[in-house]
Structure formats: C-alpha cells, structure tokens
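Have a look at the structure first, then read on.

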Amino acid sequence: MNLYTDRDAEFYARHPFGKVPVLEHGDLTLFESTAIGFYAASQPNSRLLGTTPAEKALIMQYTLYTENEVSANTIAWLMPIFGIRSYNKPAEELAQQNLKRALTTLDKIVANKTYLVGDEITYADICVVTSLVPSYTHVFDKSAREEFKNVLRYFETIMDTPHFKTFFDFFKYCETPLTYTPKE
C-alpha cells in the first residue's frame with residue numbers, strides 16, 4: 001500500500017489526520033517524523049536526547065532549527081521540481097536563499113565540532129543530517145556543497161557511522177542539480 005496515494009476509509013479511521021509517516025506501537029499512534037524520531041530516541045538507556053537539561057534544550061533547539069530552517073526551505077525548493085507543488089520563481093529563490101542562510105550559520109557552528117551537542121551523536125545530529133540528504137541528493141552539486149565545507153565534513157562524518165551506513169546505503173551525491181522544468 002502506498003500511503004501517499006492509497007489512503008482509504010480504514011486508514012482515516014485509524015489515522016484521522018491522514019498524515020504520513022505513521023508509527024503504530026501498541027496503543028500509541030504517532031504521525032510526523034520528528035515525533036516518531038523523538039519517541040524512538042527517548043527509549044530507556046538512550047542518550048540521544050541528552051543527559052542534562054542544557055543538552056536536552058540544545059537538542060530541541062537544533063531539532064526545531066532543522067524543521068523550520070533546513071527542511072521547510074528544502075521542501076519549498078524541491079516540491080515544485082518534483083511536480084508536487086505549483087512552481088513560483090520568487091518562492092523558489094526565497095527558499096534557496098533561506099536554506100543557504102541556514103547552512104551558512106550551521107557551517108560556522110560545526111566548524112570546530114564533530115557533533116552538535118556533546119561528544120556523541122544525538123537526535124540533533126540525526127535530524128540535521130537526514131534533513132540534508134534531499135538537497136545533497138538532488139540540488140547541491142559539488143560546488144554548492146563546497147560552499148559549506150564544514151557542513152559537508154560534519155555530514156560525511158555522521159553518514160560514515162555504522163547506523164547511518166545501514167540506513168543510507170542508497171545515498172549518492174548530486175552531480176547535476178535538478179531544476180524546475182515546466183510541463184508541456
């Protein structure tokens with residue numbers, strides 16, 4: 001079943017918001033990838049959400065930064081290219097500008113860090129790195145990636161870990177950026 005297109009009455013009965021992805025775990029039903037990830041990261045003995053109030057707050061900060069600055073602008077840029085949203089040149093240019101501004105800031109933050117918070121991978125790193133995959137796959141060619149060299153090093157460091165290698169074995173960098181092509 002393709003949950004993006006084949007949502008029937010049974011699906012809506014179980015998931016009234018009609019959103020995907022969805023996690024059903026016992027009596028718990030969650031939608032939104034960040035909520036699902038947060039739930040997975042909060043399992044007993046996990047340090048992915050930090051161990052101190054400061055670490056927890058920083059992880060939340062970077063998670064929200066990712067949603068509002070990286071993911072939102074990546075989606076605004078890519079969805080028209082994929083034909084999922086209407087194309088609007090000023091909106092595309094604004095999304096590109098906002099994403100580049102966000103990555104310029106991130107480039108400074110990770111200049112002297114391996115991880116965003118503490119000395120091991122946290123949920124913040126998972127959110128940031130996974131949010132970069134679509135742009136690194138579809139629109140950021142080598143020269144665009146090199147503009148944010150610290151982000152690229154950070155991304156490659158995290159992607160080179162065993163868990164990321166397992167789940168992102170399909171990943172390949174963009175060679176030629178996708179651009180919007182009007183339908184005929």
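A salt bridge here is a side-chain nitrogen of Lys or Arg within 4 Å of a carboxyl oxygen of Asp or Glu. By that rule, you get seven salt bridges. Keep in mind that this is a predicted model, where local features need pLDDT of at least 70, side-chain atom pairs count only at pLDDT 80 or more, and totals for chains, interfaces and linings use all residues. Side-chain values use heavy atoms, leaving out hydrogens and water, and residues are numbered from 1 along each chain as its sequence is written.

**Salt bridges**

- Glu 32 and Lys 19 pair up through their side chains, at 2.9 Å from N to O. Glu 32 is in the loop between β2 (28–31) and α2 (33–41), while Lys 19 is in the loop between α1 (9–14) and β1 (22–25), 13 residues apart. (Helices are DSSP runs of H or I with at least four residues, strands are runs of E with at least two, numbered from the N terminus.)
- Glu 120 and Arg 47 form another salt bridge, at 2.7 Å from N to O. Glu 120 sits in the loop between α4 and α5 and Arg 47 in the loop between α2 and α3 (53–81), so this pair ties together parts 73 residues apart in sequence.
- Lys 165 bridges to Asp 160, with the closest N and O atoms 3.1 Å apart.

**Helix α7**

- Helix α7 (residues 149–159) has buried residues, including Val 151, Leu 152 and Phe 155. (Buried means under 20% relative accessible area, exposed over 50%, partly exposed in between, using a 1.4 Å probe and protein chains only.)
- The buried residues of α7 pack against α4 (89–109), α5 (123–138), α6 (142–146) and α8 (162–167), where contact means heavy atoms within 4.5 Å.
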